[in-house]
Amino acid sequence: MDSTTATPISQEELEELREAFAKIDIDNNGFISKHELNELFKAANLPLPGYKIREIIQELTKTSDQLTFDEFAKIVHGLKSTEVAKTFRKAINKKEGICNVAGTSEQTGTQHSYSDDTIVSWVNDMLTQAGKPTISSFKDGSISSSMPVLDLIDAIQPGSIRYDLLKTEDLTEEEKLNNAKYAISMARKIGARVYALPEDLVEVKPKMVMTVFACLMARGMKRA
């Protein structure tokens, strides 16, 4: 085998990279901007000269000022097992616990940072107003059915969810997955740029669950 051939990205690393991408994508639009990438390199305090970092960013964004998830995954995977990668990942992890939701001010484009508790509070306010059950946290067991996500989508855009298509009680694993697929699909349909997987909801992965609710919050606040 050619030693220069890049090793494939494992499923475990792919999930890790999706979580990292979610932390960096501060406006939840499914892209990382050149500015966001530059700020991350600065935060990482990488053991590279400034010109080298600028060259990397220029190379990464030579066809666009934005990086897709696939492009992001490729570069971080390429740094794997190096001291640069370790420092880079530490900078990503510092973003944990804070999600930046953009679009709250369409005229100024101002971006605001919200803690997990603030996002949960907003979600629960919306669910309460819609007469739906609330959640205790991003680890709430009810999320495995995807009903809190579906209820929130319907609260943001009333009448969008076909509840007659859903199984809501005594769900099998297959039924949970079907609900989750529907939830992710409908979230995207109303304009929330989620990149979590249905399995993230079924397995109640807190970090990815947070990104789903954060993206819906961003969408809901734009509609307010």
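1. Lys-181 is partly exposed, at a relative accessible area of 45%; buried means under 20%, exposed over 50%, and partly exposed in between (1.4 Å probe, protein chains only). This residue sits in helix α8, residues 173-189. Helices (H or I, at least four residues) are DSSP runs numbered from the N terminus. Between Lys-181 and Leu-201 there are 20 residues in sequence and 9.2 Å in space, C-alpha to C-alpha.

2. This is a predicted model, in which local features need pLDDT of at least 70 and side-chain atom pairs count only at pLDDT 80 or more, while totals for chains, interfaces and linings use all residues. Residues are numbered from 1 along each chain as its sequence is written, and side-chain values use heavy atoms, with hydrogens and water left out.

3. Asp-140 lies in the loop between α6 (116-129) and α7 (147-156). The side chain of Asp-140 reaches the backbone nitrogen of Ser-136 at 2.8 Å. Leaving aside neighbours within four places in sequence, Asp-140 is in contact (heavy atoms within 4.5 Å) with Thr-134, Ile-135 and Val-204.

4. The largest nonpolar core has 41 residues, of which Ile-119, Leu-152, Leu-201, Phe-213 and Leu-216 touch the most other members. The elements giving two or more residues to this core are α6, α7, α8, α9 (198-202) and α10 (206-223). The largest share, nine residues, comes from α10. A nonpolar core here is a set of buried Ala, Val, Leu, Ile, Met, Phe, Trp, Tyr and Cys residues joined through side-chain atoms within 4.5 Å.

5. A second, separate core of 12 residues includes Ile-32, Phe-69, Ala-73 and Tyr-195.

Methods: A polar contact is a pair of N or O atoms within 3.5 Å; within protein, one must be able to donate a hydrogen and the other to accept it, and residues adjacent in sequence count only if both atoms are side-chain atoms.
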